[in-house]
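Here is a short tour to read with the model open beside you. Take a look at the fold below, and then we can walk through a few spots together.

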Amino acid sequence: MKRIFIQEVVTRDGLQNEDQFIPTDKKVELINQLSDAGVDKIEVTSFVSPKAIPNLKDAEEVMSKIERKPGVIYSALVPNLRGVKRATSCAVDEINLLVSVSETHNLKNVRRTTDQTFESFHEIMSFLSNKNIRVNGSLGTSFGCPFEGNISEDSVLRLIDQYLELGVSGITLADTTGMATPTQVYQLSKNVLKHWPDLPLTLHFHNTRGMALANVNEGIRAGVTRFDSSLGGLGGCPFAPGATGNVCTEDLVHMLKFMGYEIKADLDQLIDSANYLQSRLTHDLPGQVVKAGKITDLHSASEL
């Protein structure tokens, strides 16, 4: 069976919505646990304004204190040139850029049009031109927008082309608001890979309407091998009504391992990390495997 890459986003996408500040040392401990568990990439933080996202105000400190494991990519989301300069001072492996395909969502998210955002990306890429840092280009609302509705495939392909002209090394299609359907995921992923067969393509799903795992399966059927996920299913978009919950890492790994796919990440360690995260929060996590156990966890009939 094919190799599937697990890319963890809990300490960025997961924590950005939390009202409760997670102490820096606890973030660092969680990231170190995820590195030990063998995930392929960790989006450690975002170098945004602390006023915009208070829970990520310690971005430099977290990135500087984590223990880096060979083979793990340590990434950070950055919104502008100021953020890029902060990120490069901490020796990130990868910069993740983000623009929404939906103009309305992009205006709400970063107060810029899509074209204005791409103009700022030119400045960023120029700054990074002599630095050995890979750049990933993410497209939010690739599968639908809560303000505009359907997103045309042509719009997605056009923005992928703009990203590639900038020189990014990979593309992420994000279901920011949990509107993707399995059929849509298969068709769009298949067409993107038809246009760019060698493109490192990542899919980023939210489980807002309970379709994230089904969407992953259709992404794999289309040829995608890289997926973002969030430990415990934590996360959501603060600029999209009701868009709570990323696809859960341990639920995703559980499904894929028992389907026979090759996954480097260790499921038991991920479950332990999800329990560690749960102990730091004041609300329940939406992940299911932590609650129900693995399908190989058998019980004595006397327990019933």
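## Strand β6 and its partners

D175 has F205 in β7 as its bridge partner. Strands β6 and β7 (residues 201-205) run parallel, joined by five bridges; two strands count as paired if DSSP finds at least two bridges between them. Between them the chain passes through helix α8 (residues 182-195), a right-handed β-α-β crossover. Right-handed here means that, with the strands pointing away from the viewer, the path from the first strand over the helix to the second runs clockwise.

Strand β5 (residues 134-140) also pairs with β6 in the parallel sense, over four bridges. Helix α7 (residues 153-166) carries the chain from β5 to β6, again in a right-handed β-α-β crossover.

## How enclosed is β6?

Because six of the six residues in β6 (residues 170-175) are buried, the strand is largely enclosed by the rest of the structure. Buried means under 20% relative accessible area, with a 1.4 Å probe and protein chains only. In a regular strand, side chains alternate between the two sheet faces. G170, T172 and A174 are buried on one side of β6, and I171, L173 and D175 on the other.

## A look at M63

M63 belongs to helix α3 (residues 59-65); helices (H or I, at least four residues) and strands (E, at least two) are DSSP runs numbered from the N terminus. M63 counts as buried because its relative accessibility is 1%. Beyond neighbours within four places in sequence, its contacts (heavy atoms within 4.5 Å) include V44, F47 and C90.

## About the model

This is a predicted model, where local features need pLDDT of at least 70, side-chain atom pairs count only at pLDDT 80 or more, and totals for chains, interfaces and linings use all residues. Residues are numbered from 1 along each chain as its sequence is written, and side-chain values use heavy atoms, leaving out hydrogens and water.

Definitions and conventions
Buried < 20%, exposed > 50% of the residue type's maximum accessible area, 1.4 Å probe, protein only.
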